[in-house]
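Hello,

Here is the structure you are taking over. Please open it beside this message and look up each part as you read.

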Amino acid sequence: MKYATRVTLLMLAVAALPASLLHWRSFEAEREARAAAADRVLIGNAEEAAALLDAARRRWLDGVRADARLPGMDAILRSRNAFHDGMGTRFFAAIAGRDPVNVGAVGLLDLEGRVVLDSRALNLGRHEGAEPYVRAVLASGQPLLYGPYRPAGERMAGLFAVALVRDAEERPTGLLRLRYEPSVLGQVMGGSLGTAEGLSASLLDGEGRLLWGVGPAGENPLPSLPAWKGGMPAFGLGNERVAVAEVPTSDWQVVVRQPLTEWQAPQQAAMRLWLQQSAVVLVLLLTASLLLGRWIARPLAAFSKAARRMAEGDFQPVPAWRGAIEARALGEALDQLATRLRETIGALSAELEQRRATEQALRESRAEFRALVEQLPGAVYRCANAKDWPTDYLSPQIEALTGYRSEELLAGDGTGFTALVLPEYRKANEEAVERSLTSGGRFELRYRLRHRDGSLRWIWELGCVHLDEAGRPVRLTGLLFDTTEKTTADQAMDLLRGGIETQLGGDYFRALAAGLVKVLDVDYAMIGRFLDWPPTRAAVLALVDREGKVRQFEFDLEGTPCREVLAHGHLEVLEKASERFPADTVLVEMGLQSYIGRRLDDRKGNPIGLVTLLNTRPLAGSNAAARMLDLFQARAAAELERLMAEEALQRLAETLENRVIERTRELQEANATLSQAMDQLVQREKLASLGSLVAGLAHELNTPIGNALTVSTALGDLHRQLTNLLASGQLKRSALEQFLAENTEAASLIERNLERAATLISHFKQVAVDQASMRRRRFELAELVQDVLSTLSPRLKRSPHRVEVAVPKGLSLDSYPGPLEQVLTNLLENSLVHAWDEGQTGCIRIHAAPSGEAEGDGVSLIYEDDGCGIPKASRQRVFDPFFTTRLGQGGSGLGLYLVYTLVHGRLGGRIRLLEREGGGVRFQIDLPTRAPAGATEPGV
């Protein structure tokens, strides 16, 4: 029963644990899904309420903005008694009638906050200048929605929509105030709440104050909300679940609330279902475990007893089991295991004795091999047959090559020696060893490694690959020799002679210093030049470090080792250099311990510079470094002397250059004077164009005004005749009817002629004001073209040519209309003067279109005529100042130059002269929809 109980519990645990985990995970997924669904409802309601409030705010603000623009607002403000004048009644009918349910009161205030007109008569004359919504609108100049807010002296709060009232010249003259009932906020938010149980909505301002609430708990105060940003999911707050959404373009927040009991109801239902299902599964597993445990427990007890006996060393045969087939097979297997263990133990005892004898012979052989290896001049190594062939043996001589004992390099994965090899040599070494592993045989390597003291050593390696009987590599062995002295000398000569002989000046000094650092393995190499005479300071031409960085600076020689080099021609301090020269701050700050220097003399024997080697460690083997400086001392001195000669020539060239600069300055001053004169001519051209417009307009106005004067004189005569007839009693019905008919006709003639004159004056006034003030405004391109044609109508009527315009409506520009009118005027005048000979008739076409698909891409304006055109030889110069084909015949040559200047300058566009089929000219003007701020006229 003991074994049966254990097996039953074990099987129950094995089966119940994963089943419970899987069932729990399914429950967790279902619970999270239901919680997420409830949160989505809250978040969706909050976002919908925020969107509805935003739409309502925009509607109210658009309404008050439009109402403030109603005609007659300025007249109401100026009226002393708007109610008695009838304007107040029309005012309330026009505004309050738009939303009679929600608009509680309508008021009109002057700029000092005094109520001029109000639908609530008791508010008339009241001063509201201290109310916050009045101050805010006056400060910002923009419509404002404020509240809910309870003004001083009132018991009920209101939601106020306020906007500035402006006159025809856009100057503020007063304020329009609409008061909405705050309950309208609840009506807007109520439409967003769904059918979920217990939902409420609260509207908060930017400081967290409750403005309005909808639902069972909507008007209840809320605890402080946590730091919240847009996109945050729903979260718990006290005993409620809430979701927050911001109302765009305002500081309002909508909080949708639901009690936790209502929010958790779907999750609790899922929990009850999970408990019921878990109980059923547990009962089924317990029943199955009891049945299986009794069936397999008895044979397991017998076999476990036999296994413990075998573990204690008793390998007697196992009795056969007379039960189930599986149990009998397990008993037979245990019996066979006992038999094999008896045979294996006997064989292992014999093999152990033989291995002990072999290991003793191997120890004796290793002792003889070590004695032989230690007599070799180089270090011996061996690599094991494993991944990347790690080193498993190094002879004691390795310490002389690397500064590390063999035990230190073999610690870890056996790659300690490989890590000392400089990275630039590792890949080539690996490739050479790989080739030898493939083909078998010996290999030879030359590379550099970093010694423990920081110096670099050259290594010559001879290796061999050992193969087994099948031709597979089983190990690597080899010898390592230190060839630093010989290799450094050979490489130094090849590198320095081949790398710097072709360099000059600063390049030579930088290359020489970099070569000395690399070849001699020092921290710094410096080449300097003495200043003044006798020398007291020096300038560093090149100070190069191991990373190749180059520095240049000046320093005083006093107290430095460079002073000793100047005095004696050479200096070698191999250790404690910073202690010997404590006054040299650069030497001390850099922690330099070694200094080797040589003086550079010119051909006359005068000292001109020095070359030095600097190191933070004591320099071992300084003889090689000193010999290297001696080798290049003469070449560096000659290059420095040549550089000084070049500088003397450069100073002479600079003197000549200063003279050239002075002459250039005088020419620039003369050019500036000429440019100023040309600017004055351009301005005169503009005034002349405007004067021509005035003369033409005066001539054109003479006809309608003269006609009106003639008709008015005739009308006066008719009036006097009628008066005489009436006084004499001879007035007849026919005479009265004739007078009335003639009076009507005369009035109609006077009205038509005066309207024509007023239209011409209006167009001319707009064009003249634009061209004179250069003001910037938004205008329609089609209207501007018509204004220009109306202004030039006297000139066009006297010519036999016609003008066709195809400019669509809706092309609006935020630019400078004056310069654009000047451009069109000059182009028209140019065509009328140059395009056709006397007696010919022609056509001028002006058309425009958007230059891109998207709004705001710009406008393309095309101007063309079918005249004689411009000769090819002159097309490249049409925009040049003073270029004209009628020199001496009234042409100034500034018309198209002024057009080019205005288009490319003030208007921020560009103009091009294009080919036109059939002759004539074609100009394309590309203008931006919005002219650049601060644009000027180039060259004007």
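A residue is called buried when its relative accessible area is under 20%, exposed when that value is over 50%, and partly exposed in between. Keep this in mind for helix α24, residues 895–904: seven of its ten residues are buried, so the helix is largely enclosed by the rest of the structure. The buried ones are Leu 896, Tyr 897, Leu 898, Val 899, Thr 901, Leu 902 and Val 903.

Note that this is a predicted model. The mean pLDDT of the chain is 78, and 77% of the residues reach 70 or more. Among the elements of the chain, strand β27 (residues 859–865) has the highest mean pLDDT, at 94, while helix α3 (residues 82–85) has the lowest, at 51.

Next, the sheet. Five strands make up an open sheet with antiparallel pairing, and their order is β2-β1-β5-β4-β3. At the edges are β2 (115–118) and β3 (144–149), each of which pairs on one side only. On average, neighbouring strands of this sheet are turned by 25° against each other, direction ignored. Helix α5 (residues 132–140) packs on the sheet and touches β1, β3, β4 (158–166) and β5 (172–180). The direction of helix α5 makes about 165° with that of β3.

Within the sheet, β1 (residues 103–110) pairs with β2 over three bridges, in the antiparallel sense. Leu 108 has Leu 117 in β2 as its bridge partner. Strand β1 also holds Gly 104, which is partly exposed because its relative accessible area is 40%, between the limits of 20% and 50%. Leaving aside neighbours within four places in sequence, Gly 104 is in contact with Ser 119, Arg 179, Tyr 180 and Glu 181. Gly 104 and Glu 181 are 77 residues apart in sequence, yet their C-alpha atoms are 6.0 Å apart in space.

The last item is His 801, in the loop between α22 (793–797) and β24 (802–806). His 801 has a relative accessible area of 12%, which is under 20%, so this residue counts as buried. Apart from neighbours within four places in sequence, the residues in contact with His 801 are Leu 796, Leu 832, Trp 836, Gln 840, Thr 841 and Gly 842. With Gly 842 there is also a polar contact: a polar atom of the His 801 side chain lies 2.9 Å from the backbone nitrogen of Gly 842.

Regards

How values were computed
Residues numbered from 1 in each chain as written. Predicted model: local features only at pLDDT ≥ 70, side-chain atom pairs only at ≥ 80, totals over all residues. Heavy atoms only, no water. Pairing = 2+ DSSP bridges. Helix = DSSP H or I, 4+ residues; strand = E, 2+ residues; numbered from the N terminus. Axes fitted to C-alpha atoms, helices over the stretch in contact; angles between N-to-C directions. Contact = heavy atoms within 4.5 Å. Buried < 20%, exposed > 50% of the residue type's maximum accessible area, 1.4 Å probe, protein only. pLDDT = per-residue confidence, 0-100. Polar contact = N/O pair within 3.5 Å; in protein donor to acceptor, adjacent residues only side chain to side chain.
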